[in-house]
Amino acid sequence: MTSIFTETDYLTGLHSKAYQERFLDQLIKKSISNGRTFPLIMIDFDDFKMINDDYGHHFGDTVLKAVAEIIKICNRSIDCCARYGGDEFVIILPEANLEYATLVCQWLLKEVSSLKVKTKNDIVVPVSISAGIAQWENNMTAEQVVIRADKALYHSKRSGKNKAVVYSEELELQPEVLE
């Protein structure tokens, strides 16, 4: 019997990374048999370290929870929305396509950037996220689709932040920039 504590992230109430990994493995097995593809979205906060450094980790946790609530709103009952780690989230969209994933990201970007999270001193702290979207295709492993989404996320951050980028082979040709 699986404990609820391994299913749910304690801070955000989203699924845990362990749950997300099991979900992804099961979805891949199902998708191999039915021949369907699906998108995976990787989300990361922009400049979250500055939020923690400037306002403290407790306030950073408040921001994480607020964004998790927005992510929950876009969650269909068949989706998996999980905290991947730190300030990263993953959304897996079974029975969806890249166009739907792009719409989800556009909505999330708009909602998160309009968030009004205030400190104890009534300072409104701007919040934004970046996203990378990858399509799982037959013969890909879970690790491969996550790596592709991560590359797209990295490109979105490198090209200005607060945007979503869909993975394409061209991203493989771009040099890695160390920051």
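1. Ala131 has Ala164 in β7 as its bridge partner. The two residues belong to a parallel pairing of β6 with β7, made over three bridges. Two strands count as paired if DSSP finds at least two bridges between them. Helices (H or I, at least four residues) and strands (E, at least two) are DSSP runs, numbered from the N terminus.

2. The model is a predicted one, in which local features need pLDDT of at least 70 and side-chain atom pairs count only at pLDDT 80 or more, whereas totals for chains, interfaces and linings use all residues. Residues are numbered from 1 along each chain as its sequence is written, and side-chain values use heavy atoms, with hydrogens and water left out.

3. The sheet is open and has five strands in the order β2-β3-β1-β6-β7, with mixed pairing. β2 (80-85) and β7 (164-166) stand at the edges; each has a single partner strand, so one side of each lacks a neighbour in the sheet. On average, neighbouring strands are turned by 20 degrees against each other, direction ignored. Axes are lines fitted to C-alpha atoms, for helices over the stretch in contact, and angles run from 0 to 180 degrees between N-to-C directions.

4. Strand β1 (residues 38-45) is largely enclosed by the rest of the structure, because eight of its eight residues are buried. Buried means under 20% relative accessible area, exposed over 50%, and partly exposed in between (1.4 Å probe, protein chains only). In a regular strand the side chains alternate between the two faces of the sheet. Both faces of β1 are covered: Phe38, Leu40, Met42 and Asp44 are buried on one side, and Pro39, Ile41, Ile43 and Phe45 on the other.

5. β1 pairs in the antiparallel sense with β6 (residues 129-136) over eight bridges, and Leu40 has Ala134 in β6 as its bridge partner. Pairing of β1 with β3 (residues 88-92) is also antiparallel, over five bridges; here Asp44 stands opposite Glu88.

6. β2 and β3 run antiparallel and are joined by five bridges, with Arg83 facing Phe89 in β3 as its bridge partner. The two strands form a hairpin with two residues between them, and Gly86 in the turn has a positive phi of about 50 degrees.

7. Helix α6 (residues 142-158) lies across β1, β2, β3, β6 and β7, and runs at about 145 degrees to β6.

8. The largest nonpolar core has 33 residues, and those with the most contacts inside it are Ile41, Ile43, Phe45, Ile71, Ile91 and Leu108. Elements giving two or more residues to this core are β1, α3 (48-55), α4 (57-73), β3, α5 (98-113) and β6. Of these, α4 gives the most, with seven residues. A nonpolar core is a set of buried Ala, Val, Leu, Ile, Met, Phe, Trp, Tyr and Cys residues joined through side-chain atoms within 4.5 Å.

9. Ile71 touches Leu14, Ile43, Cys81, Phe89, Ile91 and Leu108, residues up to four places away in sequence not being counted; contact means heavy atoms within 4.5 Å. A second, separate core of 23 residues includes Leu40, Ala82, Trp136 and Val146.

10. With a disulfide taken as a pair of cysteine sulfur atoms within 2.5 Å, the count comes to zero. The sulfur of Cys74 lies 5.1 Å from the closest cysteine sulfur, in Cys81, which is too far for a bond. Cys74 is buried, with a relative accessible area of 13%, and Cys81 is buried with a value of 2%.
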